[in-house]
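Keep the viewer open as you read.

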Amino acid sequence: MARQVLLFIWFLSLSSALGQVSYSIPEEMAKGSLVGNIAQDLGLDLKRLKSGKARIYTGDSAEYIELNKERGVLLIKERIDREALCGQTTPCALHFQITLENPMEFYSVTVEVTDVNDHSPFFKRAEMRFRISESAVTGAVFVLERAMDLDVGTNGLQTYLLKPTDNFLLKLQTQDMPDGTKNVEMILQKPLDREKQEHISLVFTAVDGGDPQMSGTIPIIITVEDANDNAPVCFLPVYKTSIAENSPKGTTLITVKASDADQGQNGRVEYHIYKSPGSTTNIFEIDRNEGVLRLSGDTDYERVKHYQIDVQARDPGRHSDTCKVIVDIIDVNDNKPVINIMSKPSALSEDLKPGTVVTMLNVQDSDSGENGKVQCSINDNIPFTLKSTNNNFFSLVTDGDLDRERESEYNISVTCSDEGVPSLSSSVTLSLQISDVNDNAPVFEKSSYEASVQENNTPGLSIFTVRARDADFNQNARVSYILEDSSVNGVPVSSLVSVSADSGVIHAVRSFDYEQIKDFQFRVKAQDGGSPPLSSNVSVKIIIQDQNDNAPQVLYPVQSGANVVAEIVPRSADVGYLVTKVVAVDVDSGQNAWLSYKLHKATDRALFEVGLQNGEIRTVRQVTDKDAVKQRLTVVVEDNGQPSRSATVNVNVAVADSFPEVLSEFTDFTHDKEYNDNLTFYLVLALAVVSFLFIVSIIAILSVKCYRWRRERMFYKSGANLPVIPYYPPLYADVGGTGTLQHVYNYEVCRTTDSRKSDLKYARPCSESIISLDTSGTHTLTHAQRERLNFDDCDDQVRNFV
């Protein structure tokens, strides 16, 4: 192919002159035979053939022709068999090219191979045989086998001959077949007589048109058969029989008999079942020789109850007689009842009333008689019953109350049995879903709830969860939680807690303070999503747990901002002398309010001690003259909470036997306090100047401060001439050497809503006197002045020392 493409390209690219030569030669020429003088026919010089390297190009085809460059002729290279080369194709030709180089030249050569009569006609078979009845009519046609000839044209098959022609003539069809051949027919022109000549031999000859003419023959052997003059006759025109529908294959039904008056082969009768189009008798078979009819398939009474079979009794000459066989099928109980669900609801409402038809069933049994009678039943212990409405129809009816919460689905097994022997039954399961009706209210898990939460909780804290279950389904069982309106100490409960509508989680709306509220109750309603909705309530109690969020508060001794209060201990005091008692309270509860007292600092730690539980300050040793008059004690009051909180109180103790001695030692305290007050005032004033944006607030604060300071100064001036008188409260003595404080003190506690900012007021009896140390020094009071100080100015003293 590559060489052909290359030569074709060269042919297009060169401008050489092109030529074409045709030759015709017969097939079967001997090797080396002359085909033609190619040099002369193409007008080429022999030198050009040599210099141009002339050659034959045939592509992939076999080379039957060769080029003799010395002579310039084409010669037979291989013997050519036209039949092998082209078969029946005409004309048959060889195509090749002669190429020259320098310059390139290209010439096409066609050599036609003509046929020679080298093949005779022939037949595929060795002989032809026919069996013809002596009763065959004149003009009967018998088609003969055609001959074949490999040659073509006039050398091919031309005609046929038949000898002898006593009884038969040969006829050729005038119309050609699609392949160009003609049918050959042998026609009976004289009746045959088997008794005269049982076998006839003919010679069939095929002749071609070649020269010399060639032919082929085949013998024809004809056997004359005896004529069948009598047809078979059945003994009975109609045969009847019956068979059970479940009979096995091969069961004998009946035997059909027929006779033929002919003798020998013509008297032999064969039995055949005549099958018309659409016939269903293929389940039966008959013995061809004996006429025994047998079952060869399955019978079904419900499908076909009767069969009518046509049986033909035929002799070899195709003469026949027909009789009928009627087969009745006997029913047996071989079919189970078939249950058909005519209608079935998707779901049943649980509030259906008893007697409501749920579904309809149709039961069919294809058997007949008792075999087709059906009774149906359902399983027990269900609120349904099965009723027969009419023939083969049943209705499933509710027979009790339905409760989806008790049973959400019923699998009802319907069993239907016939009355055959043995009885056959079938069953079907009906799955009935019970749809929900909102007939159940939500039920809380507990009859009441109680939970605790520590005070100072974070707003929004999840305290706990209430849960309610609704036995209904889907939307009817979707529970929503609602906080019922109520008040706690005049405050709406919704300002304290909230309830998540979906989850029932109770959250704290604000931070709780145990000191304000210790517990509270409210109610939560659980409501389902039915229509109309159902609900239930539950009581919830929240207990506030105390935290140690309040430090102890010292009630006594009062820490005055203006005056210094001191307790006087005589130098003659013995060991265990009760100096004073630190009184403190803690608004927390439980162990958070258990207080302990410790001596933190002291001028002389070896002189005083503090009771751990009662806060009593007593002397540890005998007071001596060497002890300093001014003793300062720092007592820490600590609660038992975790973590613990504490408060500190300073106790001034004067160790002296005379009041002037005490006054001389404590005068510096007032100066220090006044100095500190002045310093605070100037700091506040400086802050007011810098903080211009808060000038209004600062002015108000300064006004209050100035007002208080002026009142204190007026009080100081009015009492400048009052001496300091030592005073011992009644019954504030060491009784029995124990130093127990027997006097009863009353405390009035005034608190705000924030317990850490509560105001505490300690009230003493007005008859008591308190040592007041003023910055003016020591003065001696007259008896009238002391009386006025003790009684008339009781209120002023309280205001100064509270």
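## Cysteines first, then strands

A disulfide joins Cys 376 to Cys 416, with an S to S distance of 2.1 Å. Keep in mind that you're looking at a predicted model. Turn the view along the S-S bond and you'll find 110° about it, which makes the link of Cys 376 and Cys 416 right-handed. Cys 376 sits in strand β27 (residues 374–378) while Cys 416 belongs to strand β30 (residues 409–418), so this pair ties together parts that are 40 residues apart in sequence. Both ends are tucked away: Cys 376 is buried with a relative accessible area of 17%, and Cys 416 counts as buried at 0%.

How many disulfides does a search of the whole structure find? It comes up with 2. The other one joins Cys 86 to Cys 92, at 1.9 Å from S to S. This link is right-handed too, with 70° about the S-S bond of Cys 86 and Cys 92. Cys 86 has 19% relative accessibility, so it counts as buried, given that the cut-off is under 20%. Cys 92, at 2%, is buried as well. Count the bonded cysteines along the chain and the disulfides follow the pattern 1-2, 3-4.

Cys 234 is in no disulfide, and the nearest cysteine sulfur, that of Cys 323, is 3.4 Å away. Cys 234 is buried with a relative accessible area of 12%, and Cys 323 is buried at 1%.

Now follow the strand pairings in this part of the chain. Strand β23 (residues 320–330) pairs with strand β16 (residues 238–244) in the parallel sense, over 7 bridges. One spot to look at is Lys 240, whose bridge partner in β23 is Ile 326. Strand β23 also pairs with strand β22 (residues 306–314), this time in the antiparallel sense and over 9 bridges. Here Ala 313 stands opposite Asp 321 of β23. Strands β22 and β23 make a hairpin with 5 residues between them, and in that hairpin Arg 318 takes a positive phi near 70°.

Next, find the loop between β18 (258–259) and β19 (270–274), where Asp 260 is located. This one is worth a look if you care about charges: Asp 260 is buried yet has no salt bridge. What is the nearest side chain of opposite charge to Asp 260, and how far away is it? That would be Arg 268, 9.7 Å away. Leaving aside neighbours within four places in sequence, the contacts of Asp 260 include Asn 230, Pro 232, Asn 266 and Asp 315.

Strand β20 is joined by 3 bridges to strand β21 (residues 292–295), and the two run antiparallel. Within this pairing, Glu 285 stands opposite Arg 294 in β21.

The other open sheet has 4 strands, ordered β44-β51-β50-β47, and its pairing is mixed. At the edges you'll see β44 (566–569) and β47 (595–602), each pairing on one side only. Neighbouring strands of this sheet are turned by 35° against each other on average, direction ignored. Strands β47 and β50 (residues 630–639) pair in the antiparallel sense over 7 bridges, and the bridge partner of Leu 595 in β50 is Asp 639.

Finally, zoom out to the protein chain as a whole. Its secondary structure comes to 8 helices and 53 strands. Of its 802 residues, 40% are buried. Take the contacts between residues at least 6 apart in sequence, and 67% of them join residues at least 24 apart.

Note on methods:
Residues are numbered from 1 along each chain as its sequence is written. This is a predicted model: local features need pLDDT of at least 70, side-chain atom pairs count only at pLDDT 80 or more; totals for chains, interfaces and linings use all residues. Side-chain values use heavy atoms; hydrogens and water are left out. A disulfide is a pair of cysteine sulfur atoms within 2.5 Å. Buried means under 20% relative accessible area, exposed over 50%, partly exposed in between (1.4 Å probe, protein chains only). Two strands pair if DSSP finds at least two bridges between them. Lys and Arg count as positive and Asp and Glu as negative; His and the chain ends are not counted. A salt bridge is a side-chain nitrogen of Lys or Arg within 4 Å of a carboxyl oxygen of Asp or Glu. Contact means heavy atoms within 4.5 Å. Axes are lines fitted to C-alpha atoms, for helices over the stretch in contact, and angles run from 0 to 180 degrees between N-to-C directions.
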